[in-house]
Amino acid sequence: MTTLIKNGRIITATDDYIADILIKGETVHTIGKDLAVQVDQLIDATGMLVFPGGIDPHVHLEMPFMGTFSSDSYETGTRAALYGGTTTVIDFILQKQGNSLRAAFKEWSNRAKGNATGDYSFHMAVTDFNDSTKGEIKEMIDEGITSFKTFMAYKGALMIDDRQMIGLMEEVNKQGGMVTVHATNGDMIDYLVQKHRDEAKLSPLYHYLSQPEVTEAEASERFADMTNYTGCPSYIVHMTCEGALNAVRNATRRNQKVFVETCIQYLLLDASLYQQDFEGAKWVMSPPLREKKDQVTLWAGINQGLVQVVGTDHCPFKWEQKLMGKDDFSKIPNGHPAIEHRMELLFSEGVEKRKISLNKYVEVTSTNAAKIFGMFPKKGTIAVDGDADIVIFDPTSRHSISVNTHHMNTDYSAYEGWEVTGKVKMVLLRGKLVIDENKCLVEKGYGQYVKRKKVSAII
Ligand SMILES: [Zn+2]
């Protein structure tokens, strides 16, 4: 199968030019001006932007959590991602405490294999680090799982203590991997949750008030200190606030590099959404939404190069599941649906409103994640011999986001009524046209597991 994309404006993290792209099979064969070749499929991209397929390195599909499962399967979640221009996602495997990493890897692989519509890879969340887990780190890296997630919160469920953290960092560093972290102070949050419950303060607002900024700033600083000590490559997921980013900024003063991811919701939404009765449960996530001043910090952080990645932490639940916490905020399943909207929202609110450049947009939605997590240059750019994962984007089309038109398996939208400028028109994944004018042209099973290379602390 050969495809020619004519006359598109190709945007990568570094380039911006008009040319044709010839695709043979799954990869890009030639990029050039006025390519005159016979092909099976011709796409006219005149007036369109042409981006590398988006990479969302933070999603939770069919994840067992708080007594239920996140509501998007590998099929529906990766399909919704494709509709929104994200061709590859990295999901999180959760080790069960007392069990092996291998067992968790098997369980997650079985759920995903043959079911994913778009490409996927895995991080491994280590929730129980001991001598036997230590022996499995290299095995996981050989399987293509080169990043290890840790939780400094969710005490009693997912959290590991600092002793385990240091041990894990030393082993991961030795084996060529990276440690990533949910950086909030689990003990403080645990204390505040209990305090609010004891005082019968049970609405979603108290989810927010149980995780003040200091809990994230403190843990981010502690994590940076520990990675500085161990020398382990490090990445903080879903950063939300000024205090946490300042901890990373301080770390740069001793010549340390800590990668930072934020998520689309922390750039666009704020904590005022919690000031409405139970409706606020739609945005109950951890960490919670913050203040306007934190949004300013995060946008600035992107432009200063301190924040390298914008993900989603997509972890959708249906309203019925959110109602599990109707009388107690601590029982509301944490997470919100966003996998489909990241690329369009960031374009509209970031590029269109002149907060970030087009090249920066590609960097934070695709290229940096590919580089940091060992998929570049196969993924994350448009280049000869790379996978033909390509988004053809209409920068002027206006539309609004709604539960009535989204493709995620949730019965509400966290962005209902948002007006967006710019629309994903076509998407190719490994050379195949998978989205064409709001139609998905592939079935589940097309998505493949992406075995990742060792990480790089330099991008
Ligand atoms: Zn997450």
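Let's start with a pair of helices: H12 and H13 cross in a right-handed way. This is a predicted model, so everything below describes a prediction. H12 covers residues 342-351, and its axis comes within 11 Å of the axis of H13, with a crossing of roughly 150°. Since angles over 145 degrees count as roughly antiparallel, H12 is roughly antiparallel to H13.

Who does the touching here? On the H12 side, the contact is made by Arg342, Met343, Glu344, Leu346, Phe347 and Val351, and on the H13 side by Leu358, Tyr361, Val364 and Thr365. Sorted by class, the contact of H12 with H13 has seven nonpolar residues, one polar and two charged.

**More helix pairs**

Two packed helices are described by the angle between their axes and the distance between the axes.

| Pair | Angle | Axis distance |
|---|---|---|
| H2 and H3 | about 45° | 9 Å |
| H3 and H4 | roughly 35° | within 10 Å |
| H12 and H13 | roughly 150° | within 11 Å |

Take H2 and H3, which span residues 101-112 and 131-142. Their angle of about 45° makes them oblique to each other. Leu101, Arg102 and Phe105 reach across from H2, and in H3 they meet Thr133, Glu136, Ile137, Glu139 and Met140.

The crossing of H3 and H4 is right-handed. From H3 come Lys134, Ile137, Lys138 and Ile141, while H4 brings Leu168, Glu171, Val172 and Gln175. By class, the residues of the contact of H3 with H4 are four nonpolar, one polar and three charged. Look out for Ile137 as you turn the model: this H3 residue takes part in the contact with H2 and also in the contact with H4.

**The zinc site**

Which residues coordinate the zinc ion? They are His58 and His60, each through NE2, and Asp313 through OD, at 2.0 to 2.2 Å. Along the chain, the donors follow the spacing H-x1-H-x252-D. Both His58 and His60 are buried.

Met159 lies in the loop between strand S11 (147-151) and H4. With a relative accessible area of 19%, Met159 is buried, because buried means under 20%. Leaving aside residues up to four places away in sequence, Met159 touches Gln97, Thr127, Phe151, Met152, Ala153, Tyr154, Gly186 and Asp187. Val126 is 33 residues from Met159 in sequence, and the C-alpha atoms of the two are 9.0 Å apart in space.

Pro377 sits in another stretch, the loop between H13 (358-372) and strand S16 (390-400). Its relative accessibility is 46%, so Pro377 counts as partly exposed. Again setting aside residues up to four places away in sequence, Pro377 touches Gly386 and Lys453. Pro377 and Thr367 are ten residues apart in sequence, with 8.5 Å from C-alpha to C-alpha.

Notes:
Residues are numbered from 1 along each chain as its sequence is written. This is a predicted model: local features need pLDDT of at least 70, side-chain atom pairs count only at pLDDT 80 or more; totals for chains, interfaces and linings use all residues. Side-chain values use heavy atoms; hydrogens and water are left out. Axes are lines fitted to C-alpha atoms, for helices over the stretch in contact, and angles run from 0 to 180 degrees between N-to-C directions. Helices (H or I, at least four residues) and strands (E, at least two) are DSSP runs, numbered from the N terminus. Angles under 35 degrees count as roughly parallel, over 145 as roughly antiparallel, 65 to 115 as roughly perpendicular and the rest as oblique. Contact means heavy atoms within 4.5 Å. A crossing is left-handed if the near helix is turned anticlockwise from the far one by less than a right angle, and right-handed if clockwise. Ala, Val, Leu, Ile, Met, Phe, Trp, Tyr, Cys and Pro count as nonpolar, Asp, Glu, Lys and Arg as charged, and the others, Gly among them, as polar. Donors are N, O and S atoms within 2.8 Å of the metal (3.2 Å for Na, K and Ca); water is not among the atoms, so sites may look incomplete. Buried means under 20% relative accessible area, exposed over 50%, partly exposed in between (1.4 Å probe, protein chains only).
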